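Let's take a friendly look at this structure together. We will begin with a pair of packed helices and then turn to a metal site.

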Amino acid sequence: MSDNGAALSAHRQDPNPMTNQPDPTLHDLVIKNGTVISDAAVFVADVAVDGEQIAAIGHDLRGRRTIDADGLYVIPGAIDIHVHLEMPIGRFTSTDDFYHGTLAAAMGGTTAIVDFVETRPDEAMLEALAARQARAAGKVVIDYGLHMTIGPDDIAKLDQVAAARAAGCGSFKLYMAYGLRLNDGELLQALEAVRDAGALPVVHAENWDVITTLIGRNLAAGHTTPHWHPRSRPAALEAEAAGRVIDIATWVGVPLHIFHVSCAAVVERIVAAKARGLPITGETCPQYLYLTQDVYDRPGVDGALPVCSPPLRPESDRRALWAALESGALDLVTTDHCPFTAAEKATGLDDFSRIPGGVPSIESRLSLIYDGLVNRASGDKAAALRRWVDVCATTPARLLGFANKGQLLPGYDADIVLFDPQATRTISADSLHETAGWTPYEGVELHGAPVITLSRGEVIADHGRPLATPGRGRFVPR
Ligand code: MN
Ligand code: MN
């Protein structure tokens, strides 16, 4: 009796754990009983969040708040490493600013993006970086990074590449087309500077001399409609440019990421490089996976809306890109989100080369790729789910240097998406948060949709309701 009495007495002197002492196993938030998907495994578990980070993954975790994820997929927030928000191009600026673009991204299950910095001739790279960050601050609702662009005027500034990299630009954009095009000698110098800074070059690969010659020839012949857009930018010459810059990068000794692969011919160059053990990666985008070049033959502005570069290709290329994504020949999916209004697109109806290029998909990417990779998978469903998470989140984070994103692991940012495989949606411009007023996926029926998006532990989208405060997103140094 006396022993028991002493124990009871001692127990009564302890602070009440329910009122006085924090229980170390009681987390801020627990997402219960979801199907957790990583690039390596699919399993039912609880995911616990403390503050802005993932605290634990396991069973019977307890939280002050819980979200029931029974029947839902729990995945790392998607990462879109190629977007153009409020980007000035010629006479126009892409329609989604840093608020509306990141809001649309969040609604679609994307929790980090990488946009671009371009430097004026009289401007230092660090000045341009600060100016771009100032435009994003106060607007972004998710975290973001920036690629630093190296144009022809920046070849004289290559001694600034190390400083830009130290300031968080872990990747540098090189163009082989447009006014920012680098010739081969300039590509060589830029790739050497990026190599010496320990950063990753990313490249728009097309043969600009061939393109400008074909555009001029077509316009002179009266071939002015969007039908002639893909016929002025041949797939074989996109592959030639990709192969050329792969060879220059290999000679320099630097990894290289090929943007917006539109065709099988470029996939072949990347596969050949990988077979030689070279650190060459490639991405494709929803437009090349869902659309083909016959959309340019639609009458009026409808034929101008899908103008983007590289252009949409024939059905055989579209099928080859899905196969390349499944096999690993291509590494990831981005959007190259760069929206313009129908009125802006219509300004080029009498000259296809003046149509502002780019299409929107920042909000639909995760669901579009789910539908294509998982719902249409012929083989192992779990393997398809892992691949979906890999190409939309894990590989983009790893390749672009997001150290704490792209995976659900303790210590990582609690950027988490709850995805309902049973939800059905019909895409329409009216229901998207993108601001272009149109979408290339109008009427596409999706099976599977994100229902809750968390960014660093905060619910920022909940069953179609946006909850994020503008400016809560942060620049992530990479
Ligand atoms: Mn491009
Ligand atoms: Mn782009």
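## A helix pair

In this predicted model, helix H8 (residues 235-252) packs against helix H9 (residues 264-275) at an angle of about 25 degrees, and their axes are 7 Å apart. Because angles under 35 degrees count as roughly parallel, H8 is roughly parallel to H9. The crossing in which H8 passes H9 is right-handed.

Which residues meet here? On the H8 side they are Ala-235, Glu-238, Ala-239, Glu-240, Ala-242, Gly-243 and Ile-246, and on the H9 side Ala-265, Val-266, Arg-269, Ile-270 and Ala-273. Sorted by class, this contact of H8 with H9 has eight nonpolar, one polar and three charged residues.

## A manganese site

Now to the metal. The manganese ion (ligand 2) has three named protein donors to look for: His-82 (NE2), His-84 (NE2) and Asp-336 (OD), which lie 2.1 to 2.2 Å from the ion. Along the chain, the donors of this manganese ion (ligand 2) follow the spacing H-x1-H-x251-D. A distance of 3.5 Å separates the manganese ion (ligand 2) from the manganese ion (ligand 1).

## Where the donors sit

His-84 belongs to the loop between strand S6 (78-80) and strand S7 (88-89), while Asp-336 belongs to the loop between strand S15 (332-333) and helix H13 (342-346), so the pair ties together parts that are 252 residues apart in sequence.

Are these two residues buried or exposed? His-84 is buried, with a relative accessible area of 5%. Asp-336 is buried too, with a relative accessible area of 10%.

Key:
Residues are numbered from 1 along each chain as its sequence is written. Chains are lettered from A and ligands numbered from 1 in the order in which they are written. This is a predicted model: local features need pLDDT of at least 70, side-chain atom pairs count only at pLDDT 80 or more; totals for chains, interfaces and linings use all residues. Side-chain values use heavy atoms; hydrogens and water are left out. Axes are lines fitted to C-alpha atoms, for helices over the stretch in contact, and angles run from 0 to 180 degrees between N-to-C directions. Helices (H or I, at least four residues) and strands (E, at least two) are DSSP runs, numbered from the N terminus. Angles under 35 degrees count as roughly parallel, over 145 as roughly antiparallel, 65 to 115 as roughly perpendicular and the rest as oblique. A crossing is left-handed if the near helix is turned anticlockwise from the far one by less than a right angle, and right-handed if clockwise. Contact means heavy atoms within 4.5 Å. Ala, Val, Leu, Ile, Met, Phe, Trp, Tyr, Cys and Pro count as nonpolar, Asp, Glu, Lys and Arg as charged, and the others, Gly among them, as polar. Donors are N, O and S atoms within 2.8 Å of the metal (3.2 Å for Na, K and Ca); water is not among the atoms, so sites may look incomplete. Buried means under 20% relative accessible area, exposed over 50%, partly exposed in between (1.4 Å probe, protein chains only).
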